[in-house]
Amino acid sequence: MTSRTAATRYARALFDVALKEHVNLDEIEAQLAAFADLFKQHPLLEKVLLNPAVPTPRKTATVSELLKHITVTPVVGKLLVLLAERDRLMLLPELLEAYRVRLMDHQHVVRAQVTTATPLSAERTGAIEKELAKATGRRVLLSTLVDPAIIGGLVTRIGGTIYDGSLTGQLARMKEKLQ
């Protein structure tokens, strides 16, 4: 089993338990992110908890001690101890990402990215966001990029789907048809 698959399974289980126990889903996401940030803030902690040479009981004891000093819901605390017991703390970043995807899906939110040749005005960005929300039936979190190479038009990425309405893309399709 790949680490992504394992992280997705843990995230799904965490999400399902949190729903069943009526725990604040956004709070869980924030607590997981805060715990993952501890590794970035304290490299020595990361080195100890993610090192396969460190015995699992020592990792479990360290996580249990950390949980005494930070505020987390019981669901998150149990998950972190479980990950330590199974020596799977290295899955935390992927688990967090998988949880965020599940949370966004539950909240009917989709991320979209629009690439244009020139910067968009706030009004134009808002209009595009509204149209994408209408098309997807979900609330859209829109990010914009500027890439002069597309010459004109825009390229929209929603999840894994790309809609290429750029001038460069249209020229490439015309060239294919002509050949």
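Student: Which residue stands opposite R157 in β3?

Tutor: Q113 does. This is a predicted model.

Student: How many bridges pair β1 with β3, and in what sense?

Tutor: Five bridges. Strand β1, residues 109-116, pairs with β3 in the antiparallel sense.

Student: And what about β3 and β4, how many bridges there?

Tutor: Four bridges join β3 to β4, which is residues 161-164. They run antiparallel. The bridge partner of I158 in β4 is T161.

Student: What do β3 and β4 form?

Tutor: A hairpin, with two residues between the strands. G159 sits in the turn and has a positive phi of about 60°.

Student: Back to β3 itself. T156: buried or exposed?

Tutor: T156 lies in β3, residues 154-158. Its relative accessible area is 6%. The cut-off for buried is under 20%, so T156 counts as buried.

Student: What is T156 in contact with, leaving aside neighbours within four places in sequence?

Tutor: Q113, V114, L132, T161, I162 and Y163.

Student: Switching to the helices. Which residues of α1 are buried?

Tutor: A6, A7, Y10, A11, L14, F15 and A18. They cover an arc of only 170° around the axis, so they lie on the same side of α1.

Student: What covers them?

Tutor: The cover for the buried residues of α1 includes α2 (25-41), α5 (74-85) and α6 (92-106).

Student: How does the span of α1 come out against what it should be?

Tutor: It agrees. Helix α1 has 18 residues, 3-20, and at 1.5 Å a residue it should span 26 Å. The C-alpha atoms at its ends are 26 Å apart.

Student: What happens just after α1?

Tutor: H22 takes a positive phi of about 55°.

Student: Now the largest nonpolar core. How many residues, and which have the most contacts inside it?

Tutor: The core has 35 residues. Those with the most contacts inside it are L14, I28, L32, V63, L92, L95 and Y99.

Student: Which elements give two or more residues to it?

Tutor: α1, α2, α3 (43-50), α4 (56-69), α5 and α6. The largest share, eight residues, comes from α2.

Student: Take L95. What does it contact, leaving aside neighbours within four places?

Tutor: A7, Y10, A11, L14, L32, L79 and L83.

Student: What other core lies apart from the largest one?

Tutor: One of eight residues. Among them are A112, I128, L132 and L142.

Student: Why would nonpolar side chains be found together like that?

Tutor: In soluble globular proteins, nonpolar side chains tend to be buried together.

Technical notes:
Residues numbered from 1 in each chain as written. Predicted model: local features only at pLDDT ≥ 70, side-chain atom pairs only at ≥ 80, totals over all residues. Heavy atoms only, no water. Expected span 1.5 Å × (residues − 1). Buried < 20%, exposed > 50% of the residue type's maximum accessible area, 1.4 Å probe, protein only. Arc of directions from axis to C-beta. Contact = heavy atoms within 4.5 Å. Core = buried A, V, L, I, M, F, W, Y, C linked by side-chain atoms within 4.5 Å. Pairing = 2+ DSSP bridges.
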